[in-house]
Amino acid sequence: MHVTRFGVGCAVAIAAVLLLGGCMSSAEITRMNAENDKARCSEYGFKPGTEAFAKCRFDLDRRREDERNALLDAPIGPPVFMSAPDRCWNTPWGLRCETW
């Protein structure tokens, strides 16, 4: 498998955000993302102040948001199927149900 410098940079940036996310404010994370996006778009050859540079930064920000939303929407675990209780009754300790 061929790993590019971009791929390694993405992995490092994501790891940094995940590891430091609990220690950094959202403003600091936003600033760090903006600095990384500027550097990445410059490395791609886009010139600051151009429409192409702005689109590059927008696309990176959109990709990051899509990845975050995918993580938030992902199921936490496999679905759990429970059978409905056959019989329930009140006890001094709360509701008790039996399934067959």
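Predicted model: local features only at pLDDT ≥ 70, side-chain atom pairs only at ≥ 80, totals over all residues.
Of the 100 residues in the protein chain, 12% are buried, where buried means under 20% relative accessible area, exposed over 50%, and partly exposed in between, with a 1.4 Å probe and protein chains only. Residues are numbered from 1 along each chain as its sequence is written, and side-chain values use heavy atoms, with hydrogens and water left out.

Let me turn to the overall layout. The protein chain has three helices and two strands, in the order α-α-α-β-β along the sequence. Helices (H or I, at least four residues) and strands (E, at least two) are DSSP runs, numbered from the N terminus. Among contacts between residues at least 6 apart in sequence, 19% join residues at least 24 apart; contact means heavy atoms within 4.5 Å.

I come next to a pair of helices. The axes of α2 (residues 26-43) and α3 (residues 51-73) come within 9 Å and cross at roughly 130°. These axes are lines fitted to C-alpha atoms over the stretch in contact, and angles run from 0 to 180 degrees between N-to-C directions. The two helices, α2 and α3, are therefore oblique to each other: angles under 35 degrees count as roughly parallel, over 145 as roughly antiparallel, 65 to 115 as roughly perpendicular, and the rest as oblique. On the α2 side, the residues in contact are N33, A34, D37, K38, R40, C41 and S42, and on the α3 side F53, C56, R57, L60, D61 and R64.

What does a search of the whole structure find in the way of disulfides? It finds one disulfide, a term applied to a pair of cysteine sulfur atoms within 2.5 Å. The partners are C41 and C56, with their sulfur atoms 2.0 Å apart. C41 lies in helix α2 and C56 in helix α3, 15 residues apart, and the pair links distant parts of the chain. The torsion about the S-S bond of C41 and C56 is about -95°, so the disulfide is left-handed. C41 is buried, at a relative accessible area of 0%, and C56 is buried as well, at 7%.

Finally, I consider another cysteine. C88 belongs to strand β1 (residues 87-91) and is partly exposed, with a relative accessible area of 39%. Leaving aside residues up to four places away in sequence, C88 touches L95, R96 and C97. The C-alpha atoms of C88 and E98 are separated by 6.5 Å, the two residues being 10 apart along the chain.
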